[in-house]
Amino acid sequence: MKLTLKIWRQKNAADGGRMASYEVDDVSPDMSFLEMLDVLNERLILEGEDPVAFDHDCREGICGMCSLVIDGTPHGPEKATTTCQLHMRHFKDGDVITIEPWRARAFPVIKDLVVDRSAFDRIIQAGGYVSAPTGSAPDAAAIPVPKADANDAFDAATCIGCGACVAACPNASAMLFTAAKITHLGLLPQGQPERYDRVTSMVDQMDAEGFGGCTNTGECTAVCPKGIPFETISRLNADLLKASRG
Ligand code: SF4
Ligand code: FES
């Protein structure tokens, strides 16, 4: 395939940035989207140009590092798919593809397509620790957990912290991410002692980082590569309400 890529180039945080156009030939439908960018970057390096900076790590859909807005949609056109797991067979010869970074005040651009997502780390840090004793591996049946709760807690824990939910939200809200982190502990017995302190601290930190409020548009859950459901936010709000009542 031959493609035209319109890519956001920005030298550093202070630079205003601009869209730049590149032609790429010989793109195989079996390449991943990031491999296609690797091919472009190898060419740019050989030509003595600055390669396009983008985040990636596992390339297996599990680390949450990849973060591209492709044709206006975080992680691109395939549902429940990270950018690294998106394959070029979903595009066609002659396509013009726009590639931009996550755009949110709390995720400032560092360079090109790389944004600083350390605000998410600080939200997690604000959640603190659970006081459940650890030590050697406990007997699996020592603390009974209802199967439905275990399933929901596990589903919430699949959030990879990519930030697509923030990038898709018109308010740049981090509610789906924060709700996923709160839910996976809040549903389990081990998460109960600090449950209400945790939700208050994490939501306070979320606001302090400059993320917007949730207005129930649902764009977050539509782009989430892990399918974190919208009702996760309802769980957060229910815990926050209980916490505020003491
Ligand atoms: S909730 Fe989904 S979109 Fe948001 S950070 Fe977690 S995995 Fe990414
Ligand atoms: S690079 Fe790890 S999830 Fe995409």
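Predicted model: local features only at pLDDT ≥ 70, side-chain atom pairs only at ≥ 80, totals over all residues.
## Overall architecture

The chain has 246 residues, of which 43% count as buried, and its secondary structure consists of 8 helices and 7 strands. Along the principal axes, the C-alpha trace extends over about 60 × 40 × 35 Å. When contacts between residues at least 6 apart in sequence are taken together, 68% of them join residues at least 24 apart.

## Surface and charge

The accessible surface of the chain amounts to about 12,300 Å², and carbon and sulfur atoms account for 53% of this area. Among the side chains, 23 are positive and 34 are negative, with the centres of these two sets lying 4 Å apart.

## Surroundings of ligand 1

Ligand 1 is surrounded by 13 residues, the closest being Cys159, Cys162, Gly163, Cys165 and Cys224. By residue class, the shell comprises 11 nonpolar and 2 polar residues, while no charged residue takes part in it. Two helices, α4 (164-168) and α5 (175-186), each contribute at least two residues to the shell around ligand 1.

## The loop position of Pro77

Pro77 is found in the loop that runs between β4 (73-74) and β5 (96-100). Leaving aside residues up to four places away in sequence, Pro77 is in contact with Leu86 and Phe91. Pro77 and Trp8, which are separated by 69 residues in sequence, lie 18 Å apart in space, taken from C-alpha to C-alpha.

Conventions. Residues numbered from 1 in each chain as written. Chains lettered and ligands numbered in written order. Heavy atoms only, no water. Helix = DSSP H or I, 4+ residues; strand = E, 2+ residues; numbered from the N terminus. Contact = heavy atoms within 4.5 Å. Near = heavy atom within 4 Å. Nonpolar A, V, L, I, M, F, W, Y, C, P; charged D, E, K, R; others polar. Buried < 20%, exposed > 50% of the residue type's maximum accessible area, 1.4 Å probe, protein only. Areas by Shrake-Rupley, 256 points an atom, 1.4 Å probe, with all protein chains shown as cover. Lys, Arg positive; Asp, Glu negative; His and termini not counted. Charge placed at Lys NZ, Arg CZ, Asp CG, Glu CD.
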